[in-house]
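Please open the model in your viewer and keep the sequence panel beside it. The tour below goes from one selection to the next and says what is found at each stop.

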Amino acid sequence: MSKFVRTSSDQNSPQDCVLSLEALTKSYHIGLPTETQVLHGIDLSLARHEFVSLTGPSGSGKSTLLNILGLLDQPTGGELYLLGQATRTLSEQARTLLRRHHIGFVFQFHHLIEAFSALENILMPLMIDRGRPDAQTRDWGMQLLASVGLPNMAHKKPSELSGGQQQRVAIARALVTRPALLLADEPTGNLDTQTAAKIFEMLREFNQSFGCAVLIVTHDPKLAQACDRTLNLVDGHLT
Ligand code: ADP
Ligand code: MG
């Protein structure tokens, strides 16, 4: 993975702060009798090299927070800066581009497309921008496949892979754009302990070799402890 190692010029760039949140709030069903506030003023910043876990009881708002961090959902109040840029008032199109270029997602369920091979799934985020992949792009996809331990699986369909292998493909897909931020929502929640530990280890390696910030939601206290920092979401507040 030596070619992924970041260069010294990356290390102290002004974009060392990948993400920051100021007094971020989120309510659902605004104006209805069922209105509920899920996030109550979250302040947070993530540096490029950080590997941070997010824990909290079920229903505490972890997925809500990740979806907002990933620009998939809008907060109700506060501000979210991605690579120094305020995002609240951006157009939907600008948010989509920021998301596509700078953020990778790994979910509990891989969301791979069955009609496509492992390699095509990995290249999908690039193909949206560039159309048919050229030889260099395919080569990059193959490098990622190898780096997630699946060098011979390029032409397999998702259903021909095990759960752990599918999640590895999903990780490679999340990294294909070399995102500054990788968001992982219970990426090992559906896997056995041993496979989960391997996937976690892999995310850790990419965090160090790519230098991308990783925020991982996990219920596993052992995995959480192995992170640089652990955030706990309780009653809509971070502790
Ligand atoms: P976690 O991921 O920590 O389990 P979630 O972020 O999924 O928690 O949910 C937090 C709270 O927000 C829950 O009470 C949930 O019912 C509510 N919620 C989540 N998504 C929506 C939605 N789209 N509309 C209304 N309420 C939602
Ligand atoms: Mg969740």
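Select Asn 207 and display its surroundings: leaving aside neighbours within four places in sequence, Asn 207 is in contact (heavy atoms within 4.5 Å) with Arg 48, His 49, Glu 50, Phe 51, Cys 212, Ala 213 and Val 214. Asn 207 lies in helix H7, where helices (H or I, at least four residues) and strands (E, at least two) are DSSP runs numbered from the N terminus. With a relative accessible area of 2%, Asn 207 is buried, a word that here means under 20% relative accessible area, while exposed means over 50% and partly exposed lies in between (1.4 Å probe, protein chains only). The side chain of Asn 207 reaches the backbone oxygen of His 49 at 3.1 Å, and a polar contact of 3.0 Å joins the side chains of Asn 207 and Arg 204. A polar contact is a pair of N or O atoms within 3.5 Å; within protein, one must be able to donate a hydrogen and the other to accept it, and residues adjacent in sequence count only if both atoms are side-chain atoms.

This is a predicted model, in which local features need pLDDT of at least 70 and side-chain atom pairs count only at pLDDT 80 or more, whereas totals for chains, interfaces and linings use all residues. Residues are numbered from 1 along each chain as its sequence is written, chains are lettered from A and ligands numbered from 1 in the order in which they are written, and side-chain values use heavy atoms, with hydrogens and water left out.

Next, select Leu 144, Leu 175, Leu 182 and Ile 216, which touch the most other members among the 36 residues of the largest nonpolar core. Such a core is a set of buried Ala, Val, Leu, Ile, Met, Phe, Trp, Tyr and Cys residues joined through side-chain atoms within 4.5 Å. Helix H4 (118-130), helix H5 (135-147), H6, strand E7 (181-185), helix H7 (193-210) and strand E8 (213-217) each supply at least two residues of this core. A second, separate core has 31 residues, including Leu 44, Leu 46, Leu 82 and Leu 90.

Move on to Gln 167, which is placed in helix H6 (residues 163-175) and counts as buried at 3% relative accessibility. Not counting residues up to four places away in sequence, Gln 167 touches Val 106, Phe 107, Gln 108, His 110, Pro 187, Leu 191 and Ile 199.

Now show ligand 1 and select the residues near it (those with a heavy atom within 4 Å): Tyr 28, His 29, Val 38, Pro 57, Ser 58, Gly 59, Ser 60, Gly 61, Lys 62, Ser 63 and Thr 64. Oxygen atoms of ligand 1 are found 2.7 Å from a polar backbone atom of Gly 59, 3.0 Å from a backbone N or O atom of Gly 61 and 2.6 Å from an N or O atom in the side chain of Thr 64. Helix H2 (residues 62-69) gives the largest share of this shell, three residues.

Two loop residues end the tour. His 29, in the loop between strand E1 (17-28) and strand E2 (36-47), has a positive phi of about 60° although it is not a glycine, and at 45% relative accessibility His 29 counts as partly exposed. Leu 71, in the loop between H2 and strand E4 (77-82), also has a positive phi, near 60°, but Leu 71 counts as buried at 1% relative accessibility.
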